[in-house]
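This report goes through selected features of one model. It treats loops, salt bridges, cores and cavities in turn.

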Amino acid sequence: MKNRKIFFTVALMAAMLLPMGAWARIYVPIDQPSDQKFPIAVADLRGSGGRDMAGIIRNDMELSGYFRVLSEDSFKDVARKEGISIDTIRFDFWTAIEAGALVKGEVSSEGGKMTVTLRLFDPFLKQMLVGKQYRADKKSMREIAHRFSNEIMLALTGIWGVFDTRISYTAVSGKKSKEIYVMDMDGHGPFAVTKNKSINMGSAWSPDGGRLAFTSYLKNNPDVYVSSLNGGNLHRISIGGSNITPAWSPDGGIIAFSSSAAGTANLYTISPGGGAARRLTAGSSIDISPDYSPDGGSIVFASERAGGLHIFRTSASGGGVQRLTFVGYQNDMPSWSPIGDKIAFAGRDMGTFDIFIMNADGSNIQRLTIGTGSNEHPSFSPDGRMITFSSSREGGAAIYIMRADGSNQTRVSKGNGMLPVWGPQKRPE
Amino acid sequence: MRYSHPTLSVLRTPVLVSAALHAAMILFFAMVPALGFRFDERPTKIVWVELPKGTSEEIELSVKKTEGLPRSTIEEQKRLEPSQETLPALKPKDAKEAKLDIKTELPPRPKMEFEDKKVRKAEAPRPKMRADRKIQDALAKIDKQLRDRTVVPEAAQIEKEGQGFKYGTGKEPLRVMPSDPEYLKYQSMIRYKVMKEWIIPMIFAEDESASYNARVEVMINLDGDVTSIRWQSQSGNAAFDQSAVRAIKKASPFPKPPDRLAWEAYNEGFLIEFDPRLKAKY
């Protein structure tokens, strides 16, 4: 009797406790999204010019490397039938074709001015994420489209896009002459900054985007010049020896460059207006290709001081030189990411140059290009997510852009081009 | 004063017995953790296994340190097909089956992705998809053979000897924690499958100031099909939460669990946690 009571109590207690305990779900952490690009549908805008405008946005989305732009064939008819407001859009259709985002809009013109309405929707949430209206001249169509592409990037990636930025580069323009050019980052609207039929090369943007520093043989000697984007206000800032590879400091107050004024090429700094140059590095081995860190406190450069050309960094005042690369034998043209954590450079390997990326302390060098001719002169976009570079993969060198992990390599320059440099976000008016 | 109440006199001994029994039982449950009685009010027993960065198939696939500049690009390394040797050790009896499983799990090569989607959209029967996969695999193999060099994950100037780095722009070193290989492998398979389908606006992964975390309880049936998805906690952002549900639905059916995990998989299900910041912990 007593035993039965004890047994009963124990059993009851156990029964009460068990459901609390034996829970062992298999735990699965999902810590990174798929490598698949985000699917986006960009419908032609209603009204005249709406198709071209959608085309520019589609191209921007492709260039970004973040999006898979859905083919218009899969939605053309539906898009034409429905409107551009939440209550007229058949969201079920867009979710069925797995569009993660949808761009719709319309263009209306009145007396030379046009009004453009652009909207970004989330078909799964049936919500409008961004709605913008632009009023402008007809010739501003590209600018409006790029502006909205930037809005899309902000809404879906959290960082304002760079589709309204520009790239400067050097292009062969005639027999024995090279000129500095500037184009939109999607390759449109290239124009010549220099027109002196001499050899001009290796440009650097002022932080406000209004001026360029570059090397020119205008006076039959390589010197560093500064000019406005239209070629005006041209003035020489270096004196004596060979002067190459200028780089603008982030505050716009200093230009660093390489000069052989004292015999071998060393780094110097000078005011953009000219004046006395200050020597930054010394020694009998060459130092070239300086580039400022985004905080302006450090300079990364290439030097032969350790035998072979390697990447080094120094403080902006010239002290504390530190070696960053120990592998390879000709690492040149470093470019500091605007975010500051990465440095891209071109390294000679297997008989040709390729683009590499490493942490700002020199660790974790990884390759971004291979087997595609010579890939040179990387330069980060202002948001740090993309890199422009030159490549000879299609014959002569041309300008390409890619994501900072080496994916989505796309040619942007129509013609030839080399030594590209990505301009800042701000544009001069 | 002497109690004469009948009940009390009857209970006098049983009360003592009961008190002693209770004390013994509390002691017993506290000492035997297998019974699950714990004082710290945590009913959910979750097995936390630390995983390395990168996709699961690359577990134990560390990065080679190169003497010179690395010979393979980040892009090529991402396309690397998981090889059998790189997966945690398997029990011999499971090996054959697992091999087959893994084959169907192979990611289609990037350029094939679109065709694959089309097939799925058209609700094509699974066998056809398998056949397509086979063709794709064959094509991929030829493609691979055409390359004149082997691609291994490699990076130059690795921070610490013996440690590798994962792809791209990550700064954190790869760490592989020792754990139950069978559990790890099955967990990896599910993780990889769900991850492959998890397409989110990059704002959730790139915006470091933001924090999004969603936990979902998922049950499967004997075919591996997902039968229920229940929120344990939501991120508060509808787009993020929906993307998690979509990923699980698209990842269904799940791979069949190995025998040792079958009971748990079918009866307890899975706790799937979506959080881009988890990566930083590894």
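Helices and strands are taken here as DSSP runs, a helix having at least four residues and a strand at least two, and they are numbered from the N terminus. The model described is a predicted one.

**Backbone features in loops**

Asn364(A) sits in the loop between strand S24 (352-359) and strand S25 (366-367) of chain A. Its phi is near 55°, a positive value in a residue other than glycine. With a relative accessible area of 1%, Asn364(A) counts as buried because that value is under 20%.

Lys126(A) also has a positive phi, of about 55°, and is not a glycine. The loop that holds Lys126(A) runs between strand S5 (113-122) and strand S6 (127-137) of chain A. Lys126(A) is partly exposed, at 42% relative accessibility.

In chain B, the peptide bond from Ser252(B) to Pro253(B) is cis, with omega near 0°. Pro253(B) belongs to the loop between helix H8 (238-251) and helix H9 (259-267) of chain B. Pro253(B) is among the residues touched by Asp223(B), along with Phe254(B) and Lys256(B), when residues up to four places away in sequence are not counted. Asp223(B) itself is in the loop between strand S3 (214-220) and strand S4 (226-233) of chain B. Asp223(B) and Lys256(B) are 33 residues apart along the chain, and their C-alpha atoms are separated by 7.3 Å.

**Chain B as a whole**

Chain B contains ten helices and five strands. Of its 282 residues, 43% count as buried. Among the contacts in chain B with a separation of 6 or more, 77% come from residues 24 or more positions apart.

**Salt bridges**

Over all chains, the whole structure has 24 salt bridges.

| Pair | N to O distance | Relative accessibility |
|---|---|---|
| Lys76(A) and Asp73(A) | 3.8 Å | Lys76(A) 32%, Asp73(A) 64% |
| Lys139(A) and Asp137(A) | 3.9 Å | Lys139(A) 74%, Asp137(A) 32% |
| Asp186(A) and Arg142(A) | 2.9 Å | Asp186(A) 4%, Arg142(A) 25% |

The pair of Asp186(A) and Arg142(A) links distant parts of the chain, the two residues being 44 residues apart. Asp186(A) is in the loop between strand S8 (177-184) and strand S9 (191-192) of chain A, while Arg142(A) is in helix H5 (residues 141-157) of chain A. Asp186(A) is buried, and Arg142(A) is partly exposed.

**Nonpolar cores**

The largest nonpolar core has 43 residues, and the members that touch the most others are Ile40(A), Phe67(A), Val116(A), Leu118(A), Phe148(A), Ile152(A) and Met185(A). Helix H5(A) gives the most to this core, with seven residues. Another core lies apart from the largest one; it has 35 residues, including Tyr183(B), Val194(B), Ala210(B) and Phe270(B).

Which residues does Phe67(A) touch, not counting residues up to four places away in sequence? They are Lys37(A), Phe38(A), Ile40(A), Met61(A), Glu62(A), Ile152(A), Met153(A) and Leu156(A). Of these, Ile40(A) and Ile152(A) are also named among the core members that touch the most others.

**Cavities**

Rolling a probe the size of a water molecule over the atoms shows where empty space is left. The structure has two cavities of 30 Å³ or more. The second largest cavity holds about 40 Å³ of space. From chain A, its lining includes Phe38(A), Gly100(A), Asp122(A) and Phe124(A). From chain B, Pro201(B), Ala239(B) and Arg246(B) also line the second largest cavity. By class, this lining has four nonpolar residues, one polar residue and two charged residues. Phe38(A), one of the lining residues, is also touched by Phe67(A).

Conventions. Residues numbered from 1 in each chain as written. Chains lettered and ligands numbered in written order. Predicted model: local features only at pLDDT ≥ 70, side-chain atom pairs only at ≥ 80, totals over all residues. Heavy atoms only, no water. 1 Å grid on protein atoms, 1.4 Å probe; cavity = no way out; pocket = protein on both sides within 12 Å on 5 of 7 lines; lining within 4 Å. Points joined across faces, edges and corners; volume = space filled by probe spheres on them. Nonpolar A, V, L, I, M, F, W, Y, C, P; charged D, E, K, R; others polar. Salt bridge = Lys/Arg side-chain N within 4 Å of Asp/Glu carboxyl O. Buried < 20%, exposed > 50% of the residue type's maximum accessible area, 1.4 Å probe, protein only. Core = buried A, V, L, I, M, F, W, Y, C linked by side-chain atoms within 4.5 Å. Contact = heavy atoms within 4.5 Å.
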